[in-house]
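User: Could you take me through the aromatic side chains and a few backbone details of this protein?

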Amino acid sequence: ADRIELYTEEYARLFKSKKEEIIKPYKEASVLANKFGFGVNAGHDLNLENLKYFKQNTENLLEVSIGHALISDAFYYGLENTIQLYLRELK
């Protein structure tokens with residue numbers, strides 16, 4: 001294996017109320033994964049509201065599973081605009 005995946009449901013659930021606290025185990029896991037040469041994937045309930053903070057606080061994040069949120073947002077913003085919005089959050 002060359003990557004691990006972080007399951008982010010708890011992060012997303014607690015993001016609004018405890019984002020500094022809830023990011024810690026994900027940050028630690030990404031640092032450890034990077035130390036051992038693993039890339040990091042993440043997914044479950046990541047969206048436009050919580051994705052940027054997650055990306056900024058994890059190391060070597062290579063892929064995120066955001067399909068559900070992306071398609072849901074596309075109903076409001078259009079697919080092309082939504083893709084651009086997510087790409088901006090990941091920069």
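This is a predicted model: local features need pLDDT of at least 70, side-chain atom pairs count only at pLDDT 80 or more; totals for chains, interfaces and linings use all residues.

User: Is the pair of Y11 and Y26 stacked or edge-to-face?

Analyst: A pair of aromatic rings is described by the distance of the centres and the angle of the planes. For Y11 and Y26 the centres are 5.9 Å apart and the planes stand at 70 degrees, while both residues are buried. Planes over 60 degrees apart count as edge-to-face, so the pair of Y11 and Y26, at 70 degrees, is edge-to-face.

User: Which parts does the pair of Y26 and F54 tie together, and how many residues apart in sequence are they?

Analyst: The rings of Y26 and F54 are also paired, with 5.7 Å from centre to centre and 65 degrees between the planes, an edge-to-face arrangement, and both residues are buried. Because Y26 belongs to helix α1 (residues 9-35) and F54 to helix α2 (residues 51-56), their pairing ties together parts of the chain that are 28 residues apart in sequence.

User: Which residue lies over the face of Y53?

Analyst: Y53 is a member of the aromatic cluster, and its ring also has a charge placed over it, for which the distance to the ring centre has to be within 6 Å. Here that distance is 4.8 Å, and the residue lying over the face of Y53 is K19.

User: Where is H44, and what is its phi?

Analyst: H44 sits in the loop between β2 (39-43) and α2 and is partly exposed, with a relative accessible area of 34%. Most residues other than glycine have a negative phi. H44 is not a glycine, yet its phi is positive, near 120 degrees.

User: What is the phi of N60, and in which loop is it found?

Analyst: N60 is likewise not a glycine, and its phi is positive, at about 60 degrees.

User: With which side chain does the side chain of N41 make a polar contact?

Analyst: N41 lies in strand β2 and is buried, with a relative accessible area of 11%. Leaving aside neighbours within four places in sequence, its contacts include I4, L6, L61 and E63. The polar contact made by the side chain of N41, at 3.1 Å, is with the side chain of R3.

Methods. Residues are numbered from 1 along each chain as its sequence is written. Side-chain values use heavy atoms; hydrogens and water are left out. Rings of Phe, Tyr and Trp (its six-membered ring) pair if their centres lie within 6.5 Å; planes under 30 degrees apart count as stacked, over 60 as edge-to-face and the rest as tilted. Buried means under 20% relative accessible area, exposed over 50%, partly exposed in between (1.4 Å probe, protein chains only). Helices (H or I, at least four residues) and strands (E, at least two) are DSSP runs, numbered from the N terminus. A charge sits over a ring if NZ of Lys or CZ of Arg is within 6 Å of the ring centre and within 35 degrees of the ring normal. A polar contact is a pair of N or O atoms within 3.5 Å; within protein, one must be able to donate a hydrogen and the other to accept it, and residues adjacent in sequence count only if both atoms are side-chain atoms. Contact means heavy atoms within 4.5 Å.
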